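Trainee: Please take a close look at the metal site in this structure. I would also like to know what surrounds it in the rest of the model.

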Amino acid sequence: MLDDLFRRIFVVTILTSYTMSGFFKSSIGRKVAMALSAFFLMFFLLQHLSINILSVLSPETFNEVSHFMGTNPLVQFVLQPILIFAVVFHFVMGFVLELRNSRARKVAYAKNNGAANSSWMSRNMIWSGMTILAFIGLHFVDFWFPEMNTKFIQQDWSGTMEGVEGLRYHHELVEKFVNPVRVGAYAFAFVLLGLHLAHGFTSAFQSMGGTAGRKKILQTIGKAYSILIPLGFITIAVYHYFNH
Amino acid sequence: MDLTLKIWRQVDAKDKGKMVDYKVTEISGSMSFLEMMDVLNEQLVNAGDEPVAFDHDCREGICGMCSMYINGEAHGPDRGVTTCQLHMRMFKDGDTITIEPWRAAAFPVIKDLVVNRSAFDRIQHAGGYISVNTSGNTQDANATLISKKAADTAMDAATCIGCGACVATCKNSSAMLFVGAKVSQYALLPQGQVEAADRVRNMVAQMDLEGFGNCTNTGACEVECPKGISLDNIARMNRELMKASI
Ligand code: HEM
Ligand code: SF4
Ligand code: FES
């Protein structure tokens, strides 16, 4: 199943470089591009959560891994730009698709019963997406901008700070979750991320042409992923709130 | 049963149109939805009013002409049926029923509940066929070996009657279930292989040109489709287009 998916991702990546214009201008090409960016984001979330869990299990290891991720040139100058591109591409494309789709029906129904045939999550991807986008904004203000300031403007790559013994990352993380309003906002955004993924996970496979014959298993994995990932992030935030 | 009907009335393509309320009485539960509409129209004609225009032909679920958005669902609240197969026993005495035409920019209203579905024809013309020479020397169909599974899956796709309920239901007015079915019925059979790449490319291009929306995999089409066309057909179309684009 996975190697089949990787083969398809490979094929599409090759496609990008050769026949980009035609394919990605088509409605299906756009869907495939959307799914590819989503796959990258879902992989990133898994990796991000794995590191964050360390902040609960072992602050020292969390500090070391954070320092590695924050200073490794491959992560900083290759993976990070790809991630930013994927995020921006995903939400810009999300808005583009939403706009095109709203233009495909000029007169609305007087009475429409969407709940009769589709899930709330599938009909509200743009709203769950916009909540995640607002969260990403908050997250950048909280962590990313200060990090960039320290490293690129202050030119301080030491990973230490005044008044903190050893590396600073764990200290900074815990500081953020002192405020219950922030913890609440984080939890809310992650619930909506869960709803986004509850539809998005299987949807991305369908877009890549890959659900036939494996719907059940994909739905199960999708359900697990969309519950466990947000729950993990929320648990970590709540843990630090009660243990700072 | 006695019913209140809220029906979309629109004189012609240019008219703005509006919902109008009607009353019908003594409707039997054994009537089909279209027969109930006949009762209403007789009433209107006898009163010297313009009857409600609606599409229909076979009245047995095979032509795909009947097209009504009933109480917020394509072909009404029942599953696996067209409007002509919908029975009035699905409703209760005193109900108010809202009846609207298919809504999609690619399906403009001609009059009242009648919409223009020529966009589907143009998609079919773009590649929904195989080029076979039929002048005299056709070979025996059984001479080409086809697995039972492929034949059945192709047949399932081919049961699409082109009614457009998928488009009407879809929050994005996407035609992908229809086009997916039409692409699949050939992609699964050896006869369809020869023109497979051109077919999917041209049909998808025509679909986009007609102004249908983009699928977001909500799955509403599959639920409302009177023929139970599966979402697998959309996935297959996506695969076919990827294959064709290399
Ligand atoms: C880490 C963050 C995010 C993840 C993991 C994620 C994941 C996904 C996935 C898996 C899909 C399904 C793709 C498909 O059907 O092919 C999807 C679709 C979508 N996403 Fe996101 N998403 C994220 C952030 C956002 C943001 C910030 C927006 C902003 C508006 C957004 C808007 C949308 C929309 C509108 C769709 C539906 C488009 C479609 O199905 O064609 N997403 N997302
Ligand atoms: S796929 Fe189903 S709903 Fe769509 S046109 Fe064919 S029969 Fe009608
Ligand atoms: S009138 Fe032919 S399918 Fe309903």
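**The iron site and its setting**

Mentor: Of the 246 residues in chain B, 53% are buried (under 20% relative accessible area; exposed is over 50%, partly exposed in between, with a 1.4 Å probe and protein chains only). The model is predicted, so local features need pLDDT of at least 70 and side-chain atom pairs pLDDT 80 or more, while totals for chains, interfaces and linings use all residues; side-chain values use heavy atoms, without hydrogens or water. Residues count from 1 along each chain as its sequence is written, chains are lettered from A and ligands numbered from 1 as written.

Now the site. A:H90 and A:H196 each coordinate the iron atom of ligand 1 through NE2, at 2.0 Å (donors are N, O and S atoms within 2.8 Å of the metal, or 3.2 Å for Na, K and Ca; water is not among the atoms, so sites may look incomplete). A:H90 belongs to helix α4 (residues 73-103) of chain A and A:H196 to helix α8 (residues 180-207) of chain A, so the pair ties together parts 106 residues apart in sequence. Helices are DSSP runs of H or I with at least four residues, strands are runs of E with at least two, and both are numbered from the N terminus. The iron atom has 6 donor atoms around it, and the angles of 88 to 179 degrees make the arrangement octahedral (six donors, opposite ones over 155 degrees apart and all others between 65 and 115). Both histidines are buried: A:H90 has a relative accessible area of 16% and A:H196 one of 14%.

α4(A) gives the largest share, 5 residues, and α6 (125-153) of chain A is another helix that supplies at least two. A:I153, in helix α6 of chain A, is exposed at 65% relative accessibility.

As for the whole chains, chain A has 9 helices and 0 strands, whereas chain B has 9 helices and 7 strands. The C-alpha atoms of chain A fill a box of roughly 60 × 45 × 35 Å along the principal axes; the C-alpha trace of chain B spans about 60 × 35 × 35 Å along its own. Buried residues are 43% of the 244 in chain A.

Conventions. Tetrahedral: all angles 85-135°; square planar, octahedral: opposite > 155°, others 65-115°.
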